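The sequence and the model come first.

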Amino acid sequence: SFAALREEVNWLLACGAPPPLVEQFGGYFGEWGMFTEEFIPGDDVERQVARLLRQGEARRLELLWPFVGWTAVECHVRFWDRANRHLALRNPSPAAFIVPSHDYQTGARLVSISDRSPCTTFDELLDRFDAAFLEKVGQARPELVGKVSDEMIFSAAVEALGPERAIPVLEEASSGKRAIAVSTFLDKLRV
């Protein structure tokens, strides 16, 4: 429907603002009911992991994994923030993120933002990421479990939100299920 198309275009415009989280919006062609968008080269994280393993690069994957996890969670938090901290990806799996492993300037991009659902707390946001991204890969590759620490995840949130906006979010989460880890991180951040 036109309303659904219009909503998707509005999301693409909002998430394409610098730093972009999705492909850049190209144009809308009403007579055909379609829009164009930028092509983002590179594999999503799921394909990237499979390719590295197929090429016998398990050690390289182990070294890259902290960067890949940090970058993906930072992108996940940025999207949640752009959605006014009310919506997030329903399933932030490795297939949902493109993280360039060879270009640290580009940043991560989301493959699609169409499967989003309500998400109003930082704990819920991280629970989704843990279950769909970190645990999924960890089940297949046990050597990667724990390589993306709580401290790295919280630092990615600080990068995504900036210190002034991240500290209140983390303080609110310090009474949740990650209370000890968040409090310890905040103590180190304030020093």
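The text below moves from the overall fold to helix packing, the nonpolar core and individual residues.

This is a predicted model, in which local features need pLDDT of at least 70 and side-chain atom pairs count only at pLDDT 80 or more, while totals for chains, interfaces and linings use all residues. Residues are numbered from 1 along each chain as its sequence is written, and side-chain values use heavy atoms, with hydrogens and water left out.

**Overall fold**

The protein chain has seven helices and six strands, where helices (H or I, at least four residues) and strands (E, at least two) are DSSP runs numbered from the N terminus. Along the sequence, these elements follow the pattern α-β-β-α-α-β-β-β-β-α-α-α-α. Of the 191 residues of the protein chain, 43% count as buried; buried means under 20% relative accessible area, exposed over 50%, and partly exposed in between, with a 1.4 Å probe and protein chains only. Among the contacts in the protein chain with a separation of 6 or more, 67% are between residues 24 or more positions apart, contact meaning heavy atoms within 4.5 Å.

**Helix packing**

Axes are lines fitted to C-alpha atoms, for helices over the stretch in contact, and angles run from 0 to 180 degrees between N-to-C directions.

| Helix pair | Angle | Distance between axes |
|---|---|---|
| α3 and α4 | about 145° | 11 Å |
| α5 and α6 | about 135° | 7 Å |
| α5 and α7 | about 60° | 10 Å |

Angles under 35 degrees count as roughly parallel, over 145 as roughly antiparallel, 65 to 115 as roughly perpendicular and the rest as oblique. On that scale α5 and α6 are oblique to each other, and α5 and α7 are likewise oblique.

α3 passes α4 in a right-handed crossing; a crossing is right-handed if the near helix is turned clockwise from the far one by less than a right angle, and left-handed if anticlockwise. The contact is made by Trp65, Val68, Gly69, Ala72, Val73, His76, Val77 and Trp80 of α3, together with Phe122, Leu125, Leu126, Phe129, Phe133, Leu134 and Val137 of α4. These residues divide into 13 nonpolar, two polar and no charged, where Ala, Val, Leu, Ile, Met, Phe, Trp, Tyr, Cys and Pro count as nonpolar, Asp, Glu, Lys and Arg as charged, and the others, Gly among them, as polar.

α5 passes α6 in a right-handed crossing, with Phe154, Ala157, Val158 and Leu161 of α5 meeting Pro163, Arg165, Ala166, Val169 and Leu170 of α6. The residues of this contact comprise eight nonpolar, no polar and one charged.

α5 also passes α7 in a right-handed crossing, and here Asp150, Glu151, Phe154, Ser155 and Val158 of α5 are in contact with Ala181, Val182, Phe185, Lys188 and Leu189 of α7. This contact divides into six nonpolar, one polar and three charged residues.

**The nonpolar core**

A nonpolar core is a set of buried Ala, Val, Leu, Ile, Met, Phe, Trp, Tyr and Cys residues joined through side-chain atoms within 4.5 Å. The largest one has 45 residues, of which Val45, Trp65, Phe97, Phe122, Phe133, Phe154 and Leu170 touch the most other members. At least two residues each come from α2 (45-54), α3 (58-82), β3 (87-89), α4 (122-140), α5, α6 (163-173) and α7, and α3 gives the most, with 10 residues. Leaving aside neighbours within four places in sequence, Trp65 is in contact with Val45, Val49, Phe133, Leu134, Val137, Leu144, Lys147 and Val148.

**Individual residues**

His76 lies in helix α3 and is buried, with a relative accessible area of 0%. Beyond its neighbours within four places in sequence, His76 is in contact with Ala88, Leu89, Pro92, Phe97, Leu125 and Phe129.

Asp123 lies in helix α4 and is also buried, at a relative accessible area of 14%. With neighbours within four places in sequence again left aside, Asp123 is in contact with Ala173, Gly176, Lys177 and Arg178; Asp123 and Ala173 are 50 residues apart in sequence and 6.4 Å apart in space, C-alpha to C-alpha.

Most residues other than glycine have a negative phi. In the loop between α3 and β3, Asn84 has a positive phi near 60° and counts as exposed at 59% relative accessibility. Arg85 lies in the loop between α3 and β3, has a positive phi of about 60° and counts as partly exposed at 24% relative accessibility.
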